[in-house]
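Subject: Structure for you to look at

Hello,

Here is the structure I said I would pass on. Please open it first, then read the notes below it.

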Amino acid sequence: MEESPAWEPEPWGSSGGWLAPREARTGPSLSSVLNELPSAATLRFRGPGVLPWGALEEKDRQRSIQAFAESAPKEMQEPCPSRELPWPMQARRAHRQRHARDQVAQGSGSRTAHWALLLRRSKEKVREGLRTVQPWAWTLKRIGGQFGAGTESYFSLLRFLLLLNALASVLTICMILLPTWLEGAPPGPPAPNASSLCGFYNPRPQGLVAFATQLFNLLSGEGFLEWSPLFYGFYPPRPHLAITYLCSVFAIGLLYLLLILHRSVSGLKQTLLAESGALTSYSHRVFSAWDFGLSGEVHVRLRQRIIHYELQVELEEAVVRRRAAVRTLGQEATVWLVRLLLNLLVFALLGAAFYGVYWATGATVELQERPLVQEMPLLKLVVDYLPSIFISMVNFVLPPVFSLIAPLEGYTRSRQIVFILLRTVFLRLASLVVLLLSLWNQITCAGDADAVACKTCGYNYKELPCWETRLGQEMYKLLLFDLLTGLAVILLIQFPRKLLCGLCPGALGRFARTQEFQVPDEVLGLIYAQTVVWVGSFFCPLLPLLNTAKFLLLFYLKKLTLFSTCSPASRTFRASTVNFFFPLVLLLGLAISAVPVLYSIFLIPPSKLCGPFRGQSSIWAEIPNSICTLPQTVQNFLFFLGTQAFAVPLLLISSILMAYTVALANSYGRLISELKHQIETEAQNKVFLAQRAVALSSANGTL
C-alpha cells in the first residue's frame with residue numbers, strides 16, 4: 001500500500017522561514033488555503049506594507065523565539081491558577097492548597113498581594129452572606145421555576161420596595177419621632193375657642209363619639225387620628241424638630257434615588273446583554289445555562305422549568321419577528337393603520353378617565369357642605385372616598401382593556417408588556433397628578449393670591465385651616481383604599497373563580513377558566529402605591545411604616561393567590577426587559593412625587609395653626625434662619641455653596657468628567673465591536689477550513 005505524502009506547512013507570501021515539504025504532494029498548498037480564508041480578505045483594508053498571515057520578518061522571528069525560550073521556564077515554575085485547570089473541583093481545591101503551602105514554605109509573595117487576596121476573599125464571603133440572608137430567596141426561586149422569570153420579577157420588585165419603606169421608616173423614627181419626645185411631650189390640639197387672623201382649627205370633636213364614627217374616622221384619617229403622630233399637624237413648632245423634619249425628607253429622598261439607580265444600572269446590564277444577542281442564542285441556553293452544582297430533585301426540576309420558559313420566550317419572539325420580516329407593503333401599512341386607530345382609542349379612554357377624576361375631586365368639596373352628608377357618617381365616608389373610589393375604578397377597568405388591545409398591534413410579547421406598562425403607568429400616575437392639581441386649586445385658590453379666601457394667609461384657610469394634614473389624609477385614604485380593593489379582589493373574585501373553575505366542568509367552568517398572574521397590572525399597582533407614599537410622606541410621616549406593613553401582608557397574600565388560584569402563563573416574556581423598565585418607572589414616579597413636595601416646601605405658605613413650621617413665610621425659610629445661628633465661618637462656607645463662584649466650576653468639572661466618561665464608553669464600544677467582528681471572522685474561518693478538509697478528503701479518496 002502506497003504511503004500518503006507528508007504535508008508540512010510552508011510559508012505563504014515569503015520564500016524563507018518554514019521548511020519546504022519533504023515529498024511532492026498533490027492538492028493546494030497551505031499558503032493558498034490560508035490566503036482564501038475570510039479573515040485574509042481584510043488585509044487589503046490594512047494598507048500597504050502589511051505582511052500576510054504568519055509571515056514574520058527575520059528580526060521578529062528571532063525575537064519571538066527568544067521570548068518563548070525565556071518564558072518557558074517561568075511557566076514551568078509558576079503553576080497555572082486553579083480555576084483555569086480542566087480538573088474536578090476537589091482536584092482544583094487540593095492544587096490550590098498545595099500551592100498555598102509551597103508559598104508559605106518558600107516565603108514567596110509580597111505582603112501587599114497577600115492582603116489583597118484576603119480582601120478579595122472577604123468581599124466574596126460578604127456577598128455570599130448577604131445572598132443567604134436575603135428574605136424569601138427560596139420562594140422567589142420556586143416562583144421563577146414554576147411560573148417564569150416575569151412573575152418572579154414582580155415579587156423581586158415587591159421585596160425591593162419593602163426594603164425601601166423599611167429603611168425610610170427607620171429614618172423617620174430616628175429623625176422625627178424621637179426628637180419630638182426627647183424635647184418634651186408635644187402639646188395638645190388648639191383650644192376650641194382659639195382663633196387668629198387665619199381662622200380656627202379644631203381637629204378633635206368634643207363629647208362622646210359613637211363606635212361607628214370612630215371606625216369611619218379610622219378609615220378617613222379624621223377625628224382622633226387627625227391630631228396624632230400620623231399627620232403633619234401634630235408636630236410642635238420647635239426649631240430643632242423643624243430642621244430634622246425637613247432634613248429627613250431630603251435624606252429619605254436621596255436614599256430612594258440612590259437605591260433605585262443602583263437597581264436600574266444592574267437591570268440595564270442584563271437588558272443590554274439580552275438585547276445584544278450574546279446571551280439569548282439557543283446554543284447558550286442548551287450548553288451553558290445548566291448549573292452543575294445543583295443537588296436535589298427539587299432544584300433540578302426548578303432549573304429545568306426556568307430553561308424551558310427561557311427557550312419558550314426565544315421561540316415565540318422568533319416567530320413574531322419572522323412574520324414581520326415577510327410582510328408585504330400592503331400588510332405593513334395595514335398593521336400601522338391598526339396601531340394608529342388603537343392608540344387613538346387609548347388616548348380617548350385616558351382623557352375620559354382624567355376628566356372623571358377631576359370631576360370627582362371637585363364634587364367632593366361641594367357634597368361635603370350639604371347638611372344631609374354631614375348628618376350621615378356612612379354617606380360622609382363615601383363622599384370623602386369619592387376621588388379614591390373613582391381612581392380605583394379607573395385603575396381596575398382600563399388596564400385589562402389595555403391588555404386586550406396590545407396583542408392586536410403585532411408586537412413581540414416583551415414589547416407588548418412594555419406598551420401595557422407605559423399606558424397603565426400613564427393612567428395611574430396621571431390620575432394622581434389630576435388629583436393633586438385639584439387639591440392645589442383648593443389650597444391656593446387656583447393660584448390666585450389676590451382671591452378673598454387666600455389674600456390674608458396665602459392659602460384657603462376657611463376650607464383648609466391645616467392644608468398639610470388634609471393632603472396627608474388624601475394620600476392615607478388612597479393607600480388604605482388600595483389595600484382594601486386588593487383584598488376584595490382576592491377574596492371576592494379570584495378565590496371564587498378558582499372554586500367555580502374546579503367545581504363546574506361544563507361551559508360555566510370553561511368560561512371561568514384558570515386565571516394567569518397579570519404581571520403588568522400587579523407591578524403598576526406596586527408603583528402607584530409607592531408613588532402615593534412618596535407624595536404623602538412629607539404630610540403623613542408614618543406613611544412609609546404603614547406601607548411596609550401593607551407590602552408585607554401583600555407579599556404573602558399574592559404568594560398564596562399565585563400558588564392556589566393561578567396557573568403558569570401560556571405566553572411568557574423576557575424578564576431582562578422589565579427588570580430595567582420597572583426601576584425606570586419607579587424613577588418616573590419618584591420624579592412626579594418630588595414636584596408637589598418641593599412646590600409645597602418652597603412656594604406655598606405653611607399653615608398658621610398646625611405643624612412644625614407655623615409662623616414661617618415658607619417651609620424652606622427655616623433653613624436660612626437656622627444657618628444664621630451658626631458661626632460666621634460656617635455661614636460663609638454654606639452661603640458660598642449657593643453662589644455662582646461654586647456652581648460654575650462644579651458644572652465645568654462635571655461636564656469634563658461626563659465627556660471623558662462618554663469618550664471612554666465609545667472607545668470600549670468600538671473595541672467590543674471589533675472583538676465581535678473578530679469572533680464572527682474566526683467562526684467563518686472554521687467553517688471554511690472544515691469545508692476544505694472535507695473537499696480534500698474526498699479528492700484523496702477519489703485519487
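Which residues do ring pairs link into a cluster? In this predicted model, the cluster consists of Trp181, Trp227, Tyr232, Phe234, Tyr235, Tyr245, Trp467, Phe538, Phe539 and Phe613. A search of the whole structure gives 21 aromatic pairs. One of them is formed by Phe555 and Tyr556. A pair of aromatic rings is described by the distance of the centres and the angle of the planes. For Phe555 and Tyr556 the centres are 5.8 Å apart and the planes are at 80°, which makes the pair edge-to-face. The two residues also have accessibility values you can look up: Phe555 has a relative accessibility of 1%, so it counts as buried. Tyr556 has 44%, so it counts as partly exposed.

Now the chain as a whole. It contains 24 helices and 2 strands. Of its 703 residues, 37% are buried. If you take the contacts between residues at least 6 apart in sequence, 74% of them join residues at least 24 apart.

Next, the nonpolar cores. The largest one has 63 residues, and those with the most contacts inside it are Leu427, Leu432, Met475, Leu478, Phe538 and Phe613. Helix H15 gives the largest share of this core, 8 residues. Another core lies apart from it and has 40 residues, including Leu164, Ile260, Val523 and Ile527.

Leaving out residues up to four places away in sequence, Leu427 touches Leu350, Ala353, Phe354, Val394, Asn395, Leu398, Pro399 and Phe402. Take Phe354 from that list. Phe354 is in helix H11. Is Phe354 buried or exposed? Its relative accessible area is 16%, and buried means under 20%, so Phe354 is buried. Phe354 and Leu427 are 73 residues apart in sequence, yet their C-alpha atoms are 8.1 Å apart in space. Besides Leu427, Phe354 touches Phe426, Ala430, Ser431 and Val434, again not counting residues up to four places away in sequence.

Last, the empty space. Rolling a probe the size of a water molecule over the atoms shows where empty space is left. How many cavities of 30 Å³ or more does a search of the whole structure find? There are 2.

The largest cavity holds about 40 Å³ of space. Its lining is made of Thr361, Thr364, Pro387, Leu435, Leu439, Gln442, Arg470 and Glu474. By class, these residues are 3 nonpolar, 3 polar and 2 charged. Helices H11 (329-368), H15 (413-444) and H17 (467-503) each supply at least two residues of this lining, and H15 has the largest share, with 3 residues.

The second largest cavity holds about 30 Å³. Ala168, Ser169, Thr172, Ile173, Pro541, Leu542, Pro544 and Leu545 line it. This lining has 6 nonpolar and 2 polar residues, and no charged ones. Helix H6 (149-182) and helix H20 (543-565) each supply at least two of its residues, with the largest share, 4 residues, coming from H6.

Regards

Terms used. Residues are numbered from 1 along each chain as its sequence is written. This is a predicted model: local features need pLDDT of at least 70, side-chain atom pairs count only at pLDDT 80 or more; totals for chains, interfaces and linings use all residues. Side-chain values use heavy atoms; hydrogens and water are left out. On a 1 Å grid over the protein atoms alone, a cavity is a set of points where a 1.4 Å probe fits but cannot get out, and a pocket is an open set with protein on both sides within 12 Å along at least five of seven lines; lining residues have an atom within 4 Å of a point. Grid points are joined across faces, edges and corners, and a volume is the space filled by probe spheres set on the points. Ala, Val, Leu, Ile, Met, Phe, Trp, Tyr, Cys and Pro count as nonpolar, Asp, Glu, Lys and Arg as charged, and the others, Gly among them, as polar. A nonpolar core is a set of buried Ala, Val, Leu, Ile, Met, Phe, Trp, Tyr and Cys residues joined through side-chain atoms within 4.5 Å. Buried means under 20% relative accessible area, exposed over 50%, partly exposed in between (1.4 Å probe, protein chains only). Contact means heavy atoms within 4.5 Å. Rings of Phe, Tyr and Trp (its six-membered ring) pair if their centres lie within 6.5 Å; planes under 30 degrees apart count as stacked, over 60 as edge-to-face and the rest as tilted.
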